[in-house]
Amino acid sequence: GEYITAPHDLISHVEKITAAGLPVAIHSIGDAAVRASLDAFEAARNNVIPFPNRIEHIELAHADDVLRFKELGVVASMQPNHATNAIGYVPDRVGAHREDRAYVWKSMLDAGVPLVFAADYPTSPLNPLVQIADAVFRESPFGFHGGKPWHPEQALSFAQALHAYTQAGADVTAWKDEVGSITTGKWADFVVLDGKVPAPMDESFRALAVNLTYFAGREVYARAR
């Protein structure tokens, strides 16, 4: 529960860095740390930067602070697999009255916050299909919470999770018109799965695997058969 960087120091660092024209990413897990990061961005909100500031992880966030992400233009960079592992310990550590602040992906989207997904590898699987499944199902792979979805009101649709893992990340960089989607004029980065994504979404999604990977229109991976 201790700060690695005290809030007043964080404000000073963010002010100096953004004044130099550089965006800042801050690693914040608890709700107090997330609030301190938003406070630092708010203090420096008049500094001009080419790309948005962001907060990494955001494992807990107060509802009031979700709205501040939107107000301040801060990107929420989150990792779905962290949530499905945390099902086993977050309720005990933060209490039942605060656990609904955990991994609030849907609340972020509903508030209009730029939501970017990532793996944080090697702390969680690099495989995007695992991360997308965790965002959609919010179920513990170890059977915690009775194997049932944990706060399913924060689960995303497949389309929302896919966008967070692809175009949303591109949108906060200089390359948004070059990568992030299968679109005419872009780099042709895509994968070919070994089956169709189920519609409506169901657990059979977890059995899908990547057969082929293309980067800039070139085949760079082929699954052994």
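Contact is defined as heavy atoms within 4.5 Å. The structure is a predicted model, in which local features need pLDDT of at least 70 and side-chain atom pairs count only at pLDDT 80 or more, whereas totals for chains, interfaces and linings use all residues. Residues are numbered from 1 along each chain as its sequence is written, and side-chain values use heavy atoms, with hydrogens and water left out.

Lys 186 lies in the loop between α9 and β5, helices (H or I, at least four residues) and strands (E, at least two) being DSSP runs numbered from the N terminus. Residues up to four places away in sequence aside, Lys 186 touches Gln 167, Lys 176, Asp 177, Glu 178, Val 179, Gly 180 and Ser 181. Lys 186 counts as buried because its relative accessibility is 17%, buried meaning under 20% relative accessible area (1.4 Å probe, protein chains only). Its side chain reaches two backbone oxygens, that of Lys 176 at 3.2 Å and that of Val 179 at 3.1 Å. The C-alpha atoms of Lys 186 and Trp 175 are 9.7 Å apart, with a sequence separation of 11 residues.

Glu 59 occupies the loop between β2 (54-57) and α3 (63-72). Glu 59 is buried yet forms no salt bridge (a side-chain nitrogen of Lys or Arg within 4 Å of a carboxyl oxygen of Asp or Glu). The nearest side chain of opposite charge, Arg 93, is 7.7 Å away; Lys and Arg count as positive and Asp and Glu as negative, while His and the chain ends are not counted. Beyond neighbours within four places in sequence, the contacts of Glu 59 include His 82, Tyr 89 and Arg 101.

How values were computed: Buried < 20%, exposed > 50% of the residue type's maximum accessible area, 1.4 Å probe, protein only. Polar contact = N/O pair within 3.5 Å; in protein donor to acceptor, adjacent residues only side chain to side chain.
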